[in-house]
Amino acid sequence: MPHRSRIGEIVLEAEALTRPSAELEADRNSAIADLLHENRFIPRGAPDGPYTLNLALNEGRLVFDIRRADGAPIGAVILAMGPFRGLIKDYMMLVGAHHAAVAEGQQARIQAIDMGRRGLHNEGAELLAKRLDGKIDVDFDTARRLFTLICVLHQRLTH
């Protein structure tokens, strides 16, 4: 039986704004599939889940709109995007570099870029977990996948 303190459904609020690049679409799909398969997500003071998470960027802020599985609101956690911007910019640059390296068949460069992306994911996950501390308890893998989705949302709003 799946753990009840988890995300059961995730909705990206900017879905209709733009279509992400093929690389970001693949990252998004992978992050969502992995998140729904396994995650730890425990909003402070909330009833047992599973939860529906509406993740959005609104006026420069990251919004975690948490709802019960039936759609009833539980609460929202809002974080400033400022601390994430440099990491997101670097991540987007590496996504573009990865695409170019794949197109050119440069295996050594692809491996180096993948290492850089993993490092950025780890840094983004640590920052997100720290910013959510006391509000939402997440494990490292959940934070990594959520960071990927934050990058996708940010790309949709800036392109």
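Is His121 buried or exposed? In this predicted model, the relative accessible area of His121 is 11%, a value under the 20% limit, and the residue is therefore classed as buried. His121 lies in helix H3, which spans residues 107–132. When residues up to four places away in sequence are set aside, His121 touches Tyr91, Arg144, Phe147 and Thr148. With one of these, Thr148, the contact is polar and is made between the two side chains, at 2.6 Å.

Tyr91, which His121 touches, also takes part in the packing of two other helices, H1 and H2. Two packed helices are described by the angle between their axes together with the distance between those axes. For helix H1 (residues 22–37) and helix H2 (residues 82–104), the axes come within 9 Å and cross at roughly 115°. Because angles of 65 to 115 degrees count as roughly perpendicular, H1 and H2 are described as roughly perpendicular to each other, and the handedness of their crossing is right-handed. On the H1 side, the residues that meet H2 are Glu23, Leu24 and Asp27, and their counterparts in H2 are Tyr91, Met92, Val95 and His99. Sorted by class, this contact comprises four nonpolar residues, one polar residue and two charged residues.

Apart from residues up to four places away in sequence, Arg68 touches Pro47, Pro50, Thr52 and Ile74. The C-alpha atoms of Arg68 and Gly49 are 6.6 Å apart in space, while the two residues are separated by 19 residues in sequence. Pro50, itself touched by Arg68, is located in the loop between strand E2 (41–43) and strand E3 (51–58).

The loop between E3 and E4 contains Glu59, whose backbone has a positive phi of about 50° although the residue is not a glycine. The relative accessible area of Glu59 is 71%, which is over the 50% limit, and Glu59 is therefore classed as exposed.

Note on methods:
Residues are numbered from 1 along each chain as its sequence is written. This is a predicted model: local features need pLDDT of at least 70, side-chain atom pairs count only at pLDDT 80 or more; totals for chains, interfaces and linings use all residues. Side-chain values use heavy atoms; hydrogens and water are left out. Axes are lines fitted to C-alpha atoms, for helices over the stretch in contact, and angles run from 0 to 180 degrees between N-to-C directions. Helices (H or I, at least four residues) and strands (E, at least two) are DSSP runs, numbered from the N terminus. Angles under 35 degrees count as roughly parallel, over 145 as roughly antiparallel, 65 to 115 as roughly perpendicular and the rest as oblique. A crossing is left-handed if the near helix is turned anticlockwise from the far one by less than a right angle, and right-handed if clockwise. Contact means heavy atoms within 4.5 Å. Ala, Val, Leu, Ile, Met, Phe, Trp, Tyr, Cys and Pro count as nonpolar, Asp, Glu, Lys and Arg as charged, and the others, Gly among them, as polar. Buried means under 20% relative accessible area, exposed over 50%, partly exposed in between (1.4 Å probe, protein chains only). A polar contact is a pair of N or O atoms within 3.5 Å; within protein, one must be able to donate a hydrogen and the other to accept it, and residues adjacent in sequence count only if both atoms are side-chain atoms.
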